[in-house]
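Here is a short report on one protein model. Keep the sequence and the 3D view open while reading.

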Amino acid sequence: MTDRSPAARKPIRTAITDEDGIDFAIIELFFFAYRDFTSDPDQILADYGFGRAHHRVLHFVNRRPGLTVAELLDVLKITKQSLARVLKQLIDTDHIVQLQGPRDRRQRELYPTARGRALALALARPQSRRIRAALEDSGTNERASIERFLEAMVNPELRAQIDIVPAKISGKSHGDH
């Protein structure tokens, strides 16, 4: 129940601070970094009538061709209904194809098409440039430390999903330069 008393509705005119041990500076940096990290792909996606969910699906299907719908749901942590809408659009526009699993015909495997691969690369290029520039601008050569930090931000029980991404294909493992 909401407190509707006059005291509860009185405006607070001071900014929230780190007084409770909350690191608002880092939180705010994450907000700004995420905003800018996603801005270039957002502009590209808008030309297709797509959004960030489309981007995430394209990213993971291109990183793990043959990924099943169930695995993708587990990685993205979205509802089946949300994924179905996005997946239908990507299939209808020939960015992704869906094939029956070889062992279980109920299983649906997802693969990028040439068009889907091209879009995934177009979305990743500006993000890669931004990361490279940020590493250079920050004066750090400690890519491994940054990767460890970002990995530590992922819930411990979900970190195994990071290792599923095919680092072996590119010849890089987490922490490689």
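## Model and core

This is a predicted model. Its largest nonpolar core has 19 residues. Those with the most contacts inside the core are V57, L72, L83, L87, L90, I96 and L110. The largest share comes from α3, with 5 residues. In soluble globular proteins, nonpolar side chains tend to be buried together.

Leaving aside neighbours within four places in sequence, L83 is in contact with V57, V69, L72, L73, L76 and I78. Two of these partners, V57 and L72, are also listed among the core residues with the most contacts.

## Helix packing

Two packed helices are described by the angle between their axes and the distance between the axes. For α2 and α5, the angle is about 105° and the axes are 9 Å apart. The two helices are therefore roughly perpendicular, since angles of 65 to 115 degrees fall in that class.

Which residues meet where α2 packs on α5? From α2 come H55, L58 and N62. From α5 come G116, R117, L119, A120, L123 and Q127.

T38 is found in helix α1 and is buried, at 7% relative accessibility. Not counting residues up to four places away in sequence, T38 touches R52 and Q127.

## Salt bridges

Side chains of opposite charge can pair when their charged atoms come close. The structure holds 7 salt bridges. Three are described here.

D42 pairs with R52, and their closest N and O atoms are 2.5 Å apart. D42 lies in helix α1 (residues 24-48) and R52 in helix α2, so this bridge ties together parts that are 10 residues apart in sequence. Both ends are partly exposed: D42 has a relative accessible area of 25%, and R52 has 33%. R52 is also one of the residues touched by T38.

E71 pairs with R64, with closest N and O atoms 3.9 Å apart. E71 is partly exposed at 35% relative accessible area. R64 counts as buried at 16%. R143 and E147 form another bridge, 2.8 Å from N to O. Both sit in helix α6 (residues 143-153), 4 residues apart, so about one helical turn separates them. E147 is buried, with 18%.

## Aromatic pair

A search of the whole structure finds 2 aromatic pairs. One of them joins Y48 and F50. This pair is stacked, with 5.7 Å from centre to centre and 20° between the planes. The pair counts as stacked because planes under 30 degrees apart fall in that class.

Y48 is partly exposed at 39% relative accessibility. F50 is buried at 10%.

## Positive phi in two loops

Where does K77 lie? K77 is in the loop between α3 and α4. Its phi is near 55°, a positive value in a residue other than glycine. K77 is partly exposed, with a relative accessible area of 49%.

D94 is found in the loop between α4 and β2 (96-100). D94 is not a glycine, yet its phi is positive, at about 60°. D94 counts as partly exposed at 48% relative accessibility.

Leaving aside neighbours within four places in sequence, D94 is in contact with T113, R115 and G116. D94 and T113 are 19 residues apart in sequence, while their C-alpha atoms are 6.7 Å apart in space. G116 is also one of the α5 residues that meet α2.

Definitions and conventions:
Residues numbered from 1 in each chain as written. Predicted model: local features only at pLDDT ≥ 70, side-chain atom pairs only at ≥ 80, totals over all residues. Heavy atoms only, no water. Core = buried A, V, L, I, M, F, W, Y, C linked by side-chain atoms within 4.5 Å. Buried < 20%, exposed > 50% of the residue type's maximum accessible area, 1.4 Å probe, protein only. Contact = heavy atoms within 4.5 Å. Salt bridge = Lys/Arg side-chain N within 4 Å of Asp/Glu carboxyl O. Phe/Tyr/Trp six-rings, centres within 6.5 Å; stacked < 30°, edge-to-face > 60°. Axes fitted to C-alpha atoms, helices over the stretch in contact; angles between N-to-C directions. Parallel < 35°, antiparallel > 145°, perpendicular 65-115°, else oblique.
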